[in-house]
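Colleague: Hi! Could you walk me through this one?

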Amino acid sequence: MKIIVHTMEYQGGECVSDLPVRNYSDVDYQEYKRIYNECFRDMRKALQIFPVDCCSSKGELRHKKESIYILENEGRFIGSVALYGNEIDDLIVEKSFQKMGYGEALLQFAISCLQSNHVSPIVLRVADWNQRALKIYLKNGFSIIKTEVV
């Protein structure tokens, strides 16, 4: 199956965020895995990406812990975003917290974090299948710089 993927680059202005995130740790494994798979399972199935589920072991995420940021409220896992070099990746929000602005808040945190570290350009990749995410990225200062079929 062919997948249309957009590479997007941040072209907005300075972004400031004081979102209270923390780095991933092993205690987050079960919730992170559950939420990640809830967010991406349908898309991965539709696009025939295998394995459909991620995170088969804690070790798979342990080496990424400094790059994964967790947002929680009163002990509840709300969402997460990962930063790898100049790329924003794996932005997820628990289903019961979706459509409440947490995804945009995590995106703005990621932009702010990269900007404060003088990282440029800021990029991300999104499957065309994920129109909701694509619209959020466009609304928040990202532009499509490349589209490819993979």
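Colleague: Where is Cys55 found?

Modeller: Cys55 is found in the loop between α1 and α2; helices (H or I, at least four residues) and strands (E, at least two) are DSSP runs numbered from the N terminus. This is a predicted model, where local features need pLDDT of at least 70, side-chain atom pairs count only at pLDDT 80 or more, and totals for chains, interfaces and linings use all residues. Residues are numbered from 1 along each chain as its sequence is written, and side-chain values use heavy atoms, leaving out hydrogens and water.

Colleague: And what is its phi near?

Modeller: Phi of Cys55 is near 65°, a positive value in a residue other than glycine. Most residues other than glycine have a negative phi. Cys55 is also buried, at 1% relative accessibility (buried is under 20%, exposed over 50%, partly exposed in between, with a 1.4 Å probe and protein chains only).

Colleague: Which peptide bond is cis in that loop?

Modeller: The bond from Phe50 to Pro51 is cis, with omega near 0°, and Pro51 sits in the loop between α1 and α2. The bond from Ser120 to Pro121 is cis too, with omega near -5°.

Colleague: Switching to α4: which residues are buried there?

Modeller: In α4 (residues 131-139), those are Ala133, Leu134 and Tyr137. Seen down the axis, they fall within an arc of 100°, so they line one face of the helix (the arc uses directions from the axis to the C-beta atoms). On the other side of α4, Lys135 and Lys139 are exposed.

Colleague: What do the buried ones pack against?

Modeller: Their partners are β1 (4-10), β5 (87-93), α3 (102-116), β6 (123-127) and β7 (142-149), with contact meaning heavy atoms within 4.5 Å.

Colleague: How about His6, is it buried or exposed?

Modeller: His6 in strand β1 is buried, with a relative accessible area of 7%. Its side chain has polar contacts with those of Asp128 at 2.7 Å and Thr147 at 2.8 Å. Such a contact is a pair of N or O atoms within 3.5 Å; within protein, one must be able to donate a hydrogen and the other to accept it, and residues adjacent in sequence count only if both atoms are side-chain atoms. His6 also touches Leu134, one of the buried residues of α4.

Colleague: Last one: where does Asp90 lie?

Modeller: Asp90 lies in strand β5. Its phi is positive, about 50°, although it is not a glycine, and it counts as buried at 15% relative accessibility.

Key:
Lists of a residue's contacts leave out its neighbours within four places in sequence.
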